[in-house]
Amino acid sequence: MLKSSNTISKPAMVCTLFTSVAQSSFSFFSDSPKPTSSKTQIPSLFLDGRRSFIAGFSPRRSTQLSRLRNVRNPPYICFFSGGGKPKGDFQEKENESQWRILKRWDVPWEWQTASLTSLACGLSFVLTGLVEAAAIPYLGIRFQDLSLDEKAGILFLDQGITTAAVLAVLYTVANTYQPLPEDVYRYDLKEPFNLQKGWLLWAGIGFVGAIAAIAVTGAALSLLRGESPEREKDALVSLLPLIGSSGISTACLLGITGVLAPILEETVFRGFFMVSMTKWVPTPVAIVISAAVFALAHLTPGEFPQLFVLGTALGLSYAQTRNLVTPITIHALWNSGVILLLTFLQLQGYDIKELLQTT
């Protein structure tokens, strides 16, 4: 049923607009120019409730109608439907069909923010250590005169202050971009065994994969190097006197290596740095770059291959689950496992320093 121009509905108005645009563009491709007149009636298309088209054309435009019928592919399609799913839902389904590990994060900040924040995190880490080193003598504490348990307690406090300072920088910056996308800085303990994003399931897979990959890497390096080089002065060597010395020392070491360090490092290297990199490079490339930076940050070049492999496993697990609890769990299991194993060997009478040198 045709409606008068005074009662045209909104869908009809939209269709009329698109039709007039199409006519002008069609006239451009015709053999002869079209006479224009302000009194010419514009054809209109209407769509009823059954989504069928009803077209009304003026008799004066019968010539143009015949030309439109001769066109194989009309240059316009006018339709309106109150139902159906929006484009966003289709895009969401299309994204779900892709591998989760290949998806990028929706990063709200630009490269200037990413660079300055990374620099601020590094400075916070260094300055916190310098301030603490200067404060200990000022407070009248002589570190060399402390017992092993007291040293372990101070180291735990030092790691706690450093973790708080660096995370404060990250979350202060992130707070200026609220609300953040739901998968940025996400810590979620729900659905631990979900096949796609279960944090505990993929932490177990990542942990086993990391052990196997690091073992293969170590064996390959041993074959290439021949003799094992002298172990570098890393954090683990510094903690050797505390390993197995007492229950308090062991608890402090587990708190440092199994809780505070994984939370700090995974939030920085995976939660911020790797996520930021996906704004400019594909996610697998961001995983490799963040793993390399993670390995370099430990300042032990001789252990770079093993740390790089571990960082890659952590990045893959995080990309799969979009949940920082996953790489934190893997990191915690790795560090805590090393401390507990060395403690057990120490109690059994083994020389753990010699064992570390040979491994």
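How much of the accessible surface of the protein belongs to carbon and sulfur atoms? Of about 21,800 Å² of accessible surface, 65% belongs to carbon and sulfur atoms, with areas taken from the Shrake-Rupley method with a 1.4 Å probe, where for residues only the protein chains shown count as cover. This is a predicted model, in which local features need pLDDT of at least 70 and side-chain atom pairs count only at pLDDT 80 or more, while totals for chains, interfaces and linings use all residues. Residues are numbered from 1 along each chain as its sequence is written, and side-chain values use heavy atoms, with hydrogens and water left out.

**Overall architecture**
- The secondary structure comprises 12 helices and 2 strands, these being DSSP runs numbered from the N terminus (helices H or I, at least four residues; strands E, at least two).
- Of the 359 residues in the protein, 36% are buried, where buried means under 20% relative accessible area (1.4 Å probe, protein chains only).
- Among contacts (heavy atoms within 4.5 Å) between residues at least 6 apart in sequence, 73% join residues at least 24 apart.

**Helix α6**
- Helix α6 (residues 199-225) has 27 residues and reaches 37 Å from its first C-alpha to its last, close to the 39 Å expected, a span defined as 1.5 Å times one less than the number of residues.
- The buried residues of α6, among them Trp-199, Ile-214 and Leu-221, pack against α10 (304-321) and α11.

**Thr-343 in helix α11**
- Thr-343 lies in helix α11 (residues 325-347) and is buried, with a relative accessible area of 10%.
- Apart from its neighbours within four places in sequence, Thr-343 is in contact with Ile-243, Gly-244 and Thr-250.

Terms used:
Buried < 20%, exposed > 50% of the residue type's maximum accessible area, 1.4 Å probe, protein only.
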